[in-house]
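Biologist: I'm new to this one. Could you show it to me and let me ask a few things?

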Amino acid sequence: MSRGRPLALALLALAALAPPLRAQGERCFLLVNFVGDTGRRIQSPDGVNYFAGGGVRLSCRGTQITMESDSVAAYGGNRVDFVGRVKYRDSTLTLDAERGTYYRDGERFEARGKVRTRNTRSGSTLEGPSLDYFRAVRGVRDSSEVYAIGRPLIRYRDTSPDSATGRAAEPYVIVGDRVRLRGDDRLWSGGNVTVDRSDFHAEGDSLRLDTGAANDGTLIGKALLKGAEADSFAVTGARVDFTLQRREVTRVKAQGEGEAKSRGRTVQGDTVLIELERRRAVRTASWGTSRRGSANADGYDVLGDSVVMETPGQVLREVRAYRAAWVGTAKDSATGERDWIAGDSVLAVFRRRPGGDSARVALDRLDARGAAKTFYRSKPKARRGDDSTAATAKPPSLSYARGREIRLRMTQPDTGEAAVEKVEIRGQVEGVQLEPGRADSARARGVLPAGGAQPALPTGTLAPGGRPPR
């Protein structure tokens, strides 16, 4: 200890230029605890510089802050360089690196080369080539901050217990070109960012994550957030916001060509919102102007200025569409025609099919309100004595109707597509029904346009061929 006494006295003299504030969170008042070799003192135009080796250990008086390395160079009263097996410790952080520099003016510690840190309160860790640590200091900054570049690997933990197990939560594994952490619960990252946890994966050009009071996050630029399980959800967009509740993702909102997929169902729009329970989608909504809301659910296409799909337990229960709403069945493989219903609003209700698969559903009814209209095909019923194969081969009758409100009740056997069983129309009822064999002549006379589109409809309502409105 005696060999380091000249350096110790010199550093104490330099630190004395500042008021001797001692509590953690105050400015550092440097003390020398150990010097292996005798230090050298050199006078320079900028002040007095000191150098020492053989193992050096410093501390900040009245705090838990310690700094040590193989050798130290102190320049004036502001900067101290550490070289070889660098260790920094305070009440909230452990840091190891190959090289380090402490700047007293900004209470900043720069670490370079094989940097490893651990937040002793949260357990978060960081590994990378470069890190700047800004200590929380009264009158300078109210929270500690970390800035790292070079695609550091972060295992980011929050202090809340896992909602499923009640035990300490697993970390978010985050990788990005650069990252900034503030306190124990806020993080920003940019440059090809990925986030992984056992239950979800996320990626984007940039990330904001707040596991404190806000308990939410944002991904921007080619953003994706998806569940890890095979039948879970996936949401994409130019921007994706997500909400956390006890670490579970409960709400995801995509903006800018948003799209959500879950169990083979797809919802699209300028904006898409998906609500989750137990990591499963229970409600999905979409809306927009440049890209209207749309959905494809269990073989049915849906359009509207806004669309809502209800899937409790991941079972399709109903789909609602509003403003210029339209719901169509899958196209017939032989004719290209499809059944459809349209109106100011449309409701499609589904029921579970009998059988072992609880997620297997059938269309139960279609309701349209406000300028309602529908086109559907009815297969001929087999008569007594008819061969069943011959009856099935007969072309269907075609029906077109419109009114203020329309309700179609469906029947759907275990095999085959849904068929209209009952039609209810209210208010200014109009319609036409064509029996098998008369549809082609009706189309030729312009009564029924080709493809099952509506006759004499306003421009842009529905195009020939059964296509939905644009």
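Predicted model: local features only at pLDDT ≥ 70, side-chain atom pairs only at ≥ 80, totals over all residues.

Biologist: Let's start with Glu107. Is Glu107 buried or exposed?

Modeller: Glu107 sits in the loop between β8 (93-103) and β9 (108-119). Its relative accessibility is 2%. Buried means under 20%, so Glu107 counts as buried.

Biologist: And what is the phi of Glu107 near?

Modeller: Most residues other than glycine have a negative phi. Glu107 is a residue other than glycine, yet its phi is positive. The value is near 45°.

Biologist: Arg151 has a positive phi too, of about 50°, although it is not a glycine. How does Arg151 count by accessibility?

Modeller: You'll find Arg151 in the loop between β11 (145-149) and β12 (153-156). Its relative accessibility is 34%. Under 20% would be buried and over 50% exposed, so Arg151 counts as partly exposed.

Biologist: On to Phe200. What separates the C-alpha atoms of Phe200 and Ala228?

Modeller: Phe200 belongs to strand β16 (residues 200-210), and it is buried, with a relative accessible area of 2%. Leaving out residues up to four places away in sequence, Phe200 touches Tyr172, Val195, Leu225, Lys226, Gly227, Ala228 and Val249. Phe200 and Ala228 are 28 residues apart along the chain, and their C-alpha atoms are separated by 4.6 Å.

Biologist: What about Ala371: which residues does it touch, not counting those up to four places away in sequence?

Modeller: Ala371 lies in strand β27 (residues 361-378), and at 47% relative accessibility it counts as partly exposed. The C-alpha atoms of Ala371 and Glu405, 34 residues apart along the chain, are separated by 7.3 Å. The residues that Ala371 touches are Ala342, Gly343, Asp344, Gly403 and Arg404.

Biologist: Which residues lie nearest the centre of the largest cavity?

Modeller: β9, β10 (125-134), β11, β12 and β14 (178-182) each give at least two residues to its lining. By class, that lining has seven nonpolar, eight polar and four charged residues. Of the 19 lining residues, those nearest the centre are Leu93, Asn119, Val146, Leu181 and Gly183.

Notes: Residues numbered from 1 in each chain as written. Heavy atoms only, no water. Helix = DSSP H or I, 4+ residues; strand = E, 2+ residues; numbered from the N terminus. Buried < 20%, exposed > 50% of the residue type's maximum accessible area, 1.4 Å probe, protein only. Contact = heavy atoms within 4.5 Å. 1 Å grid on protein atoms, 1.4 Å probe; cavity = no way out; pocket = protein on both sides within 12 Å on 5 of 7 lines; lining within 4 Å. Nonpolar A, V, L, I, M, F, W, Y, C, P; charged D, E, K, R; others polar.
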